[in-house]
Amino acid sequence: MKIPKRLQPLVDDGMVDEVLYQLMSGKEAQVFVVRCGESVRCAKVYKEAQKRSFKQAVQYQEGRKVRNTRRARAMGKKTRYGQKEQEDAWLNAEVDALYRLASAGVRVPEPFGFVDGVLLMEMIADEDGKAAPRLDDVTLTPEQARDYHARVIADVVRMLSAGLIHGDLSEFNVLVDATGPVIIDLPQAVNAAGNNSAEQMLERDVDNMRRYFGRFAPELLNTDYGKEIWALYESGDLHPESRLTGCFEHDTENADVDELMAVIDAAKEEERERQERARDAEEGDD
């Protein structure tokens, strides 16, 4: 196919030898399948800020560290330079998260480089070497659902042990390759220690997985791994090999009505966003 303008620098630099086809187009980026020597990889081309529908919410950016103090000050202002720096930090977040999580043993695509807003990374493939399907596109047996759920929860624990929370984990950003689930799409990854919404985001990620896998293995709907994982994290007892029970003792004595309403509102918003992602996914497949 004709080389997209944004991929031309990678071709010129010898990082990409051939653009094979476009895999998908979403609200954040377009993904192309490319050939790099003997390997087939993916090139994720991030859309420009004004063309993306995913909001760079302050909720996600809170707690992200910027080493350069001049950049940090600029990002706190609404100047053109500050907005550019903020955009660069947003784009680099996924690259940094992929390297960090791969080192922590989390099943994510292996990154190979980031050039001018294009992330070159491993292509997650199925048994036939084709692009792996999203979790939402597969039908699972109860045994597979329990197995995959356990693997994803284990990766959530490894992520949090490495200081990160996905922040937008759902069946739409987990791929299923020949050996199981692989977590993708991390530009909104949250710094757990520095974000006031970290607990809420972790529980939302885990609850999304519980609801999805619970379609195939209903007993999973009775688990509460999110609160259990966060309690271990807060107490300093969470580590990559933590043994979980899926149970959590809830405090029913002091119900906070405002907090309850916030949880309900968040659930409604998550469902609305889930439906939007489903529509985006269908449009990307057309």
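A: The answer below goes through the salt bridges pair by pair.

The predicted model holds 12 salt bridges. Side chains of opposite charge can pair when their charged atoms come close.

One of the pairs is Arg35 with Glu18, whose side chains meet at 3.2 Å, N to O. This pair links distant parts of the chain: Arg35 belongs to strand β2 (residues 29–36) and Glu18 to strand β1 (residues 18–25), 17 residues apart. Arg35 is partly exposed, at 31% relative accessible area, and Glu18 is also partly exposed, at 36%.

Asp147 forms a salt bridge with Arg151, and their closest N and O atoms are 2.9 Å apart. Both residues lie in helix α5, four residues apart, which is about one turn of the helix. An α-helix has 3.6 residues a turn, so residues three or four places apart point the same way. Asp147 is partly exposed, with a relative accessible area of 33%, and for Arg151 the value is 33%.

A further salt bridge joins the side chains of Arg215 and Glu171 (3.2 Å, N to O). Arg215 lies in the loop between α6 and α7, and Glu171 in the loop between β6 and β7 (174–177), so this pair ties together parts that are 44 residues apart in sequence. Glu171 has a relative accessible area of 3% and is therefore buried, the cut-off being under 20%.

Finally, salt bridges that share partners join Lys44, Glu94 and Asp185 into one network.

Technical notes:
Residues numbered from 1 in each chain as written. Predicted model: local features only at pLDDT ≥ 70, side-chain atom pairs only at ≥ 80, totals over all residues. Heavy atoms only, no water. Salt bridge = Lys/Arg side-chain N within 4 Å of Asp/Glu carboxyl O. Helix = DSSP H or I, 4+ residues; strand = E, 2+ residues; numbered from the N terminus. Buried < 20%, exposed > 50% of the residue type's maximum accessible area, 1.4 Å probe, protein only.
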